[in-house]
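Please keep the sequence and the model at hand while reading.

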Amino acid sequence: MNTKLKYPLLALMLPFFFVYSCKTQKGKVEFVNPPSGAKVLKGETIQLRLNFGDTAVDSVVYAVDGDVFERKTDTTAVAFDTEKHGYGSKRLSAKVYAQGKEDVAYSDLLVVPPAPKPYAFEVVNTFPHDSLAFTQGLYYDNGVLYESTGKEERSSLRKVDLKTGKVLQKLDGDGRFFGEGMTVVGDKIYFLTWQNKKGFIYDKATFKLVKSFDYGKSQEGWGLTYDGKQFLKSDGSANVYTLDPQTLQETGSFQVFDDHGPVDSINELEYVDGLIYANIYDQSKDEIIIINPETGVVEGRINFVGLYDGVRKSYDNEMNGIAYKPDSKTFLVTGKDWTKLYEVRLKER
């Protein structure tokens, strides 16, 4: 009986609530353009327009992320040049002063770059790969591969013959660390762990431990590469961190963006000719992106779906591992527990 009465009463009350709600919003200052959540290309100039209601305005102060960029004494539109600001989320605010009172309107904006260029790939060679190598890092050096593998019980550092897949030298972990990305610089190997916030430096020839280093703001270790001046490190987020070449302490970071916004799950890294090539940790994508480290913009994307013809598990079988082969200007790519490693040549579509 009571359940039947609820709905007629609610129907009678709804018009009252609707009218009351409209009246309470009347005259409230709000952004008409851009609507909150809008996405715009960097370089666009947007006309900011507000609904001031019926109030006579004394002044309006416009700001982005708290920094004032325009002051007005009327209600005309204001031009906002996105070229002067970085990529990512921006909070626009308009503080309105009228009749001795203050009101503030907000609008969240996402500034993005153009869509990345699509790349195709050509398989040049196929090589055997250890199906028990949970690949995290890969580096090519004169016919051999240096490879780091993960999972606590299977973490290792390896030197592998490219053509045969034979392990020439190996250092197994002690079960305490989950091995992650690595790179080689000079006579040293730099090796990350996943969640222990610690990395290790090994002698390239002997695999003997030289010293360890601690992470900074980055919470985890995923990928590592070297650009000739500093190390670049990923932690599974949309951030890439810069590390001092001597101390390995973090000196800064930048966020990676494509035309949809921040790009998460950045994994293994390889620096080639001023650009970062990065695996995306996603079983369904088998994707590598090309990042401009000067801007954080994803300038290219390579879809490798269909490359690996082996049996795939639903998880822990992701594409990971990318190394540049400068003598042929090709890339070597593989995945976690894949039975094959591929040499590929990239081409713009």
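The model is a predicted one, in which local features need pLDDT of at least 70 and side-chain atom pairs count only at pLDDT 80 or more, while totals for chains, interfaces and linings use all residues. Residues are numbered from 1 along each chain as its sequence is written, and side-chain values use heavy atoms, with hydrogens and water left out.

**Salt bridges**

The structure holds 19 salt bridges, a salt bridge being a side-chain nitrogen of Lys or Arg within 4 Å of a carboxyl oxygen of Asp or Glu. Three of these pairs are set out here.

| Pair | N to O distance |
|---|---|
| Asp74 and Lys72 | 3.6 Å |
| Lys204 and Asp141 | 2.5 Å |
| Lys325 and Glu343 | 3.9 Å |

Asp141 is buried at 18% relative accessibility, where buried means under 20% relative accessible area, exposed over 50%, and partly exposed in between (1.4 Å probe, protein chains only). Asp74, by contrast, is partly exposed at 32%.

Lys325 in strand β28 (residues 319-325) and Glu343 in strand β30 (residues 340-348) are 18 residues apart. Lys325 is buried, with a relative accessible area of 11%, and Glu343 is also buried, at 3%.

**The network around Asp337**

Arg154, Lys313 and Asp337 are linked in a network of salt bridges. Asp337 lies in the loop between β29 (330-335) and β30, and Asp337 is buried, with a relative accessible area of 11%. Beyond its neighbours within four places in sequence, Asp337 is in contact (heavy atoms within 4.5 Å) with residues including Ser131, Phe134, Tyr308 and Asp316.

**Nonpolar cores**

A nonpolar core is a set of buried Ala, Val, Leu, Ile, Met, Phe, Trp, Tyr and Cys residues joined through side-chain atoms within 4.5 Å. The largest has 20 residues, of which Leu48, Leu50, Val60, Tyr62 and Leu109 touch the most other members. Strands that each supply at least two residues of this core include β3 (45-51), β4 (59-64) and β8 (101-112). A second, separate core of 17 residues includes Tyr277, Phe304, Leu307 and Tyr324.

Notes. Helices (H or I, at least four residues) and strands (E, at least two) are DSSP runs, numbered from the N terminus.
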